[in-house]
Protein chains: 6
Amino acid sequence: MDRPDRKGRVDILRVHLRKISLDEQVDPDTIAALTPGFAGADLANLVNEAALLATRRGAESVSMQDFTAAVERIVAGLEKRHRVMSEQERRTVAIHEMGHALVAIVLPGTDPVHKISIIPRGMGALGYTLQRPTEDRYLIRRGELENRLAVLFGGRAAEALVIGELSTGAADDLGKATALALDMVTRFGMATEVGQVTYELPRSPFLDATGQLHAERPHSEATARAIDDAVRRLADEAFARASEILTARRELLEEGARQLLSKETLTEAELAPLAERARACQ
Amino acid sequence: MDRPDRKGRVDILRVHLRKISLDEQVDPDTIAALTPGFAGADLANLVNEAALLATRRGAESVSMQDFTAAVERIVAGLEKRHRVMSEQERRTVAIHEMGHALVAIVLPGTDPVHKISIIPRGMGALGYTLQRPTEDRYLIRRGELENRLAVLFGGRAAEALVIGELSTGAADDLGKATALALDMVTRFGMATEVGQVTYELPRSPFLDATGQLHAERPHSEATARAIDDAVRRLADEAFARASEILTARRELLEEGARQLLSKETLTEAELAPLAERARACQ
Amino acid sequence: MDRPDRKGRVDILRVHLRKISLDEQVDPDTIAALTPGFAGADLANLVNEAALLATRRGAESVSMQDFTAAVERIVAGLEKRHRVMSEQERRTVAIHEMGHALVAIVLPGTDPVHKISIIPRGMGALGYTLQRPTEDRYLIRRGELENRLAVLFGGRAAEALVIGELSTGAADDLGKATALALDMVTRFGMATEVGQVTYELPRSPFLDATGQLHAERPHSEATARAIDDAVRRLADEAFARASEILTARRELLEEGARQLLSKETLTEAELAPLAERARACQ
Amino acid sequence: MDRPDRKGRVDILRVHLRKISLDEQVDPDTIAALTPGFAGADLANLVNEAALLATRRGAESVSMQDFTAAVERIVAGLEKRHRVMSEQERRTVAIHEMGHALVAIVLPGTDPVHKISIIPRGMGALGYTLQRPTEDRYLIRRGELENRLAVLFGGRAAEALVIGELSTGAADDLGKATALALDMVTRFGMATEVGQVTYELPRSPFLDATGQLHAERPHSEATARAIDDAVRRLADEAFARASEILTARRELLEEGARQLLSKETLTEAELAPLAERARACQ
Amino acid sequence: MDRPDRKGRVDILRVHLRKISLDEQVDPDTIAALTPGFAGADLANLVNEAALLATRRGAESVSMQDFTAAVERIVAGLEKRHRVMSEQERRTVAIHEMGHALVAIVLPGTDPVHKISIIPRGMGALGYTLQRPTEDRYLIRRGELENRLAVLFGGRAAEALVIGELSTGAADDLGKATALALDMVTRFGMATEVGQVTYELPRSPFLDATGQLHAERPHSEATARAIDDAVRRLADEAFARASEILTARRELLEEGARQLLSKETLTEAELAPLAERARACQ
Amino acid sequence: MDRPDRKGRVDILRVHLRKISLDEQVDPDTIAALTPGFAGADLANLVNEAALLATRRGAESVSMQDFTAAVERIVAGLEKRHRVMSEQERRTVAIHEMGHALVAIVLPGTDPVHKISIIPRGMGALGYTLQRPTEDRYLIRRGELENRLAVLFGGRAAEALVIGELSTGAADDLGKATALALDMVTRFGMATEVGQVTYELPRSPFLDATGQLHAERPHSEATARAIDDAVRRLADEAFARASEILTARRELLEEGARQLLSKETLTEAELAPLAERARACQ
């Protein structure tokens, strides 16, 4: 059910445009730029609508105006069916994903970023940053876990830095970061104020494939507070690190977001120049 | 099962009045004004009763007095079946709904108000203010959530301002506002005193279609207090903003409520002049 | 299964007494006064027993003594089956119900009292004060809810004032008053110390027809205390208001209770003179 | 399965003794005094054993020594099957039950004592004091409830006074007293420090036939403490009242216990002289 | 499945040794001393193995060396199947059981010790001290319960005194002692700081045959603390009493343990001299 | 499913290499060193691949280069199927397991180490240190339990000492140590600040074969805190002891880890020289 990115739409459009005669100035890339969020069927529909409009006005070939009018008509229908993201939302998502990617690129020892995209995938996710899967790592050191936390906060830190305001888009990142920090504190004994013991808490889905809820050991209010404080401290430190990394690379962040808005998906190769500059920076 | 508003009752009455001979002074709009809460069947019944009364007193055409007497008789019956709102209740509902509408009109970035009504809909709701549906928004910024909170408190603030006393009518708004504020604090990390972590709490029905109850992570009393305080602070700030907006537009609020009491439903077009004045008001 | 009041017993007795010859001094009303708590079948039985006693002593007509003896015999049996209330209990119930009624009569905006009775109804209730049903009110203002609380405390306040000692008879009133106060505090946002948010608590049966238990949001001890304090404050204020109203009308209260003890049931019409004097009392 | 008291054993023995020839000094009452805890079958067995022993020693009639020897043999067997209470235990039970009875006799308004016994009844109860059943009282005043509490503590107070040491025998009384005090505090609003509200707690079996567990309203720690304190205060006051009553009547208590030890059961008539002296005592 | 003690093994060995010819110096008691933990079948196997070894070396009769070698071979096999207790463990168990026995012997009013053993019985128990069963006592006084607590702590106190270090062997005693102390505090009202009320807690298995879990009454943290403190105080006092009794009889304790190690089981008669000296000791 | 260690791979390789002609310099041990994590089937596959490569380049015998190329090709495939541990991870595991082993070797009274390995076994465990099974010990003294705790912390202490950073690899050790410390505190009464009573907590799987969850006795916050503190103190002391032992033997630790990395498994005999030096130290 994934929708194509801009380049994908150009490819699809070329196939459908072959079948009709076009004015000279009609350009698949311009149409693709007008149609973010269109699925393949929507694009096929668009070409038909434009051809129909041309026929109605007695023209022999389809003009760019026909396409613009058809886009408007279809967008109205699409808005009813499943709302397309606004420009502002798309920009926020681009900033957010580029934030994740830059923090991951800069921090040593984190997995390489393979792909970054603002095409929504599945329910809930507005964009994604794809790192090499890490679930089957055997043994992860504290420093690596802290880096993972910072990457998780990269999107939120980027929004705060560039948009200047938080949004609901980081809820999923926050949930994963909380689960990871809780594991560090209550399962791996990595917080000195809580100590080298485990506390049976509902299992985090992040590092444990079984997803089981462990029986809970009742602990004291003092311990509950120490756990809360340690989790918050880990989260705050990770956010601060992500913010620092992005503040020092703000121009890159905005430039990268612009690229992402334009192409919608960036591969590891396309990210390479940005990554090089990001690593070179200070 | 929705009952018609005043204009709707005029239309229904015209249909039924065609079938009988009327005194000259009989006016469908006057009868409609006497019959808030009447369903279509009640109005058909009313016309029959009035005709019967005229026949009994040997008259050839139905007078306004016949209609008045028939209304009284039917209201008594209706009161037994399902109590019609009192004038005082209807006025409170009108003030309440106009409060929601004005706050929504004034705050930038909130969705436009399409319709506002004091006709009860379904169980529990005494009136309604219809904004463009917002559930399928992808990404909502903190400022927008604060505006939504203020709109939710608009009804309560209007009651406090004009009636000078709170009522049970705002319970549903309070529930929604609490759920939204809780989400801001425990799911979106938007309260600094609670921090950038999530707390697993029973899910709010406001932003999550699944309605699932999340497993609860036991947190400390200190954190529970911080959450309670943050939620209350958000609610208090939103109420204060709504009150400020309405205090500055009190005359508009009362004038709009009078229009609503009279017409029972106002469309976006009918609201336009009020909206323009509300936005102009500095 | 409701048992008849004194007037009802007179009517039933007249039917059965017609069938036997009586001494002149035998008076149905005197017999009814001796037989509080008797059901219709008990009265039929009484007339048969009295006739039997007369036959045994060779008399031709049944004397008042025969009835007195028969009452004693039957009461002993009744006591075994279902204990009849003692005089002291009946007086306490009369004071209690008259307390409810007077507070309801005096407070503006409360529903009119239709009937008041000390005939037990169903299980648990020893008497009742019938107000026009209020469950289907759409919207109730804070002041009205406070008046309802005061009416609920009217019975307890009357017992404290006249009997000088509390009893178990007010348990049901206390439960309803607690549920209503809880709703005011945790559902309608009417207590400033708790704030304009809702707290998910077990639902009160008073205002919500569904009777559902809502999921509970864990809140802090500080909030739990604020809720407890607000509920107690509302209850104490309502009790104080009821006490003040009844103290100013103590003679009326006792006089009304005496009437109720004598007639067992008072209708709205029979209450009218008391109500007029109660309202006049400043 | 109830075992007979001393008088009952005499009656049973007379039946069995008729069938054998006895020495002159053999006395059923003396044998009954030796056989507390014997059931009817045990007594029949005893007479057979004694007769057998007489036959073995070639005697023509059964002597008192034969009975004594047979008792010893049977007691050993009984001890294995179901341990008979020791003298010390029987005395403690007698003191305990007489304590209940004297407090009930002295306190005005408590139900009359019909029977008092140290014959174990059913499982768990070592003795019993029978008052007229009070469950179907409609309305009970605070003072009456306090008297009931004092009666419940009468047994424990008597043990403390005469034996000078507490025992496990009062556990059931403590449970009933706690349930009653809890009801006074959380259901009938009779403790000023807790207030005129109800707290949903597990229902007491004492006053509520349904035995249902009510849904629990979460209340604050401060309220939980106030409830605990109020319940303990009611219990302490009731124990103090019971102790005071018994201290003033210590001789009567011990004399009554001796009578109870001897007869095992005392009826209302047999208690009358003790009751008269107890009430006279100032 | 119980394994025989030393004397039992001698008897079993005699039966099996009859069937083979033995060197003169072979002594059943010496072999029994070498074979703690051997079951009957193990002993039969031992005799066969020893005979086989003698045959292999061409001897006509079985020597003591044959038995020693056979024991070693079998012990290795047994160790695999079910580990035999080490000498150190056996000594600790002997000290532990003798501790229970001496405290029970010395404290007035506790039930007589019938048998004491270091032969493991069933799962978990390493040894046992058998007192006359006390479960069907009707009524137990506070002082008796305190003595029972002290007996329960006798094993632990003996280990602390003689071994100088605690072990896991007292876990079962601690559980029973905690349950008993909890009953004294929350069921029998025997702790003044908690008061004469009951607290519904999970039932102890010690005094209640039903083993039911009672519904729990929520009590305050202050009360929870008072209960914890009272339970710990009772436990500490009982341990102190047991320690005091054993410190004053340390030589007897060690001497008794040596006897127990040697004979593995001591009957009431065999304990009599120790008991006499223990009671004489002031 | 266990994969062979280096020596095991040499044996397997010899079998397969027999079937093909090899260059002289081809050495099974060199190939085994290149193939950690290879299963038997992987090695068979390797030999086939190498032979194929030799055939393709027209060679008559298989060279070491053919094997190196085949290894690279297969590793890429294996990485997809089940990620092989990195060198860094293998070193961390070796340090960790050697830490367990050295602490176990040095502490008196702990069970002898039979085998130590960095071959993953089953799910979750990255390596293992095999001690004689201790589950069926009857009675364990406090000092022994403390030694067990120190052994459990040996891996974590070694990582902290040599790697200088904690990892997720110790989570299982922490869980076992917490369960054991909890047992010492709440089941065996070994913490003076908590006292000689038991607290019903979810059962630890460490010492109790049944794995049952015991009913939980509600205890006070003060007690909960004392338990938490005692558990943390035991854990901290055990970690400190393990650290001290390993710091004094750091060279041995690293040398042992190198041997383990090279051989992957060390038997008791192979460990003997290290053990001797470890015990001799200080």
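**Entry 1: Arg141 of chain C**

I began with Arg141(C), which sits in the loop between strand S2 (128-131) and helix H6 (142-163) of chain C. The model I am reading is predicted. Is Arg141(C) buried or exposed? Its relative accessible area is 17%, so Arg141(C) counts as buried; the cut-off is under 20%. I then listed its contacts, leaving aside neighbours within four places in sequence. They are Gln88(B), Ile163(B), Glu165(B), Leu166(B) and Ser167(B).

**Entry 2: Ser220 of chain E**

Next I looked up Ser220(E). I found Ser220(E) in the loop between helix H7 (171-186) and helix H8 (221-247) of chain E. Its relative accessibility is 1%, so I noted Ser220(E) as buried. Which residues does Ser220(E) touch, not counting those up to four places away in sequence? I got Glu221(D), Ala224(D), Arg225(D) and Asp228(D).

**Entry 3: chain A overall**

I turned to chain A for an overview. Its secondary structure comes to ten helices and three strands. Along the sequence I read the pattern α-α-α-α-α-β-β-α-α-α-α-β-α. Chain A has 282 residues, and 52% of them count as buried. The accessible surface of chain A is about 12700 Å². Carbon and sulfur atoms hold 52% of that surface. I also checked contacts in chain A between residues at least 6 apart in sequence. Of these, 68% join residues at least 24 apart.

**Entry 4: Arg9 of chain A**

I picked Arg9(A), which is placed in helix H1 (residues 6-17) of chain A. With a relative accessible area of 1%, Arg9(A) is buried. What is in contact with Arg9(A) beyond its neighbours within four places in sequence? I listed Pro4(A), Ala32(A), Thr35(A), Pro36(A), Gly37(A), Phe38(A), Leu43(A) and Glu264(A). I also took one C-alpha distance. Arg9(A) and Asp66(A) are 57 residues apart along the chain, and their C-alpha atoms are separated by 18 Å.

**Entry 5: the span and cover of H5**

At 1.5 Å a residue, its 20 residues should span 28 Å. The end C-alpha atoms of H5(A) are 28 Å apart, so the two values agree. How many residues of H5(A) are buried? I counted 16 of 20, so I wrote H5(A) down as mostly covered.

I repeated the check on chain E. The 20 residues of H5(E) should also span 28 Å, and the end C-alpha atoms are 28 Å apart, which agrees. H5(E) is mostly covered, with 17 of its 20 residues buried.

Two packed helices are described by the angle between their axes and the distance between the axes. I looked up both values in chain D. The axes of H5 (residues 87-106) and H6 (residues 142-163) of chain D come within 7 Å and cross at roughly 135°. That angle makes H5(D) oblique to H6(D). The crossing of H5(D) and H6(D) is right-handed. On the H5(D) side, the residues that meet H6(D) include Arg91(D), Ile95(D), Gly99(D) and Val103(D). On the H6(D) side, I noted Val151(D), Gly155(D), Ala158(D) and Val162(D) among them.

I then ran through chain B. The axes of H5(B) and H6(B) come within 7 Å and cross at roughly 135°. H5(B) is therefore oblique to H6(B). H5(B) passes H6(B) in a right-handed crossing. The contact includes Thr92(B), His96(B) and His100(B) of H5(B), with Gly154(B), Arg156(B) and Glu159(B) among the residues of H6(B).

**Entry 6: H5 against H10 in chain F**

I moved to chain F. At what angle do the axes of H5(F) and H10(F) cross? I read roughly 60°, with the axes of H5 (residues 87-106) and H10 (residues 268-280) coming within 9 Å. The two helices are therefore oblique to each other. H5(F) passes H10(F) in a right-handed crossing. H5(F) makes the contact with Met98(F), Leu102(F), Ile105(F) and Val106(F). H10(F) brings Leu271(F), Leu274(F), Ala275(F), Ala278(F) and Arg279(F).

Last, I looked at backbone angles. Phi of Glu264(D) is near 70°, a positive value in a residue other than glycine. Glu264(D) is in the loop between helix H9 (250-263) and strand S3 (265-267) of chain D. At 3% relative accessibility, Glu264(D) counts as buried.

Glu264(E) has a positive phi of about 75°, although it is not a glycine. I placed Glu264(E) in the loop between H9 (250-263) and S3 (265-267) of chain E. Its relative accessibility is 3%, so Glu264(E) counts as buried.

Key: Residues numbered from 1 in each chain as written. Chains lettered and ligands numbered in written order. Predicted model: local features only at pLDDT ≥ 70, side-chain atom pairs only at ≥ 80, totals over all residues. Heavy atoms only, no water. Helix = DSSP H or I, 4+ residues; strand = E, 2+ residues; numbered from the N terminus. Expected span 1.5 Å × (residues − 1). Buried < 20%, exposed > 50% of the residue type's maximum accessible area, 1.4 Å probe, protein only. Contact = heavy atoms within 4.5 Å. Areas by Shrake-Rupley, 256 points an atom, 1.4 Å probe, with all protein chains shown as cover. Axes fitted to C-alpha atoms, helices over the stretch in contact; angles between N-to-C directions. Parallel < 35°, antiparallel > 145°, perpendicular 65-115°, else oblique. Left-handed = near helix turned anticlockwise from the far one by under 90°.
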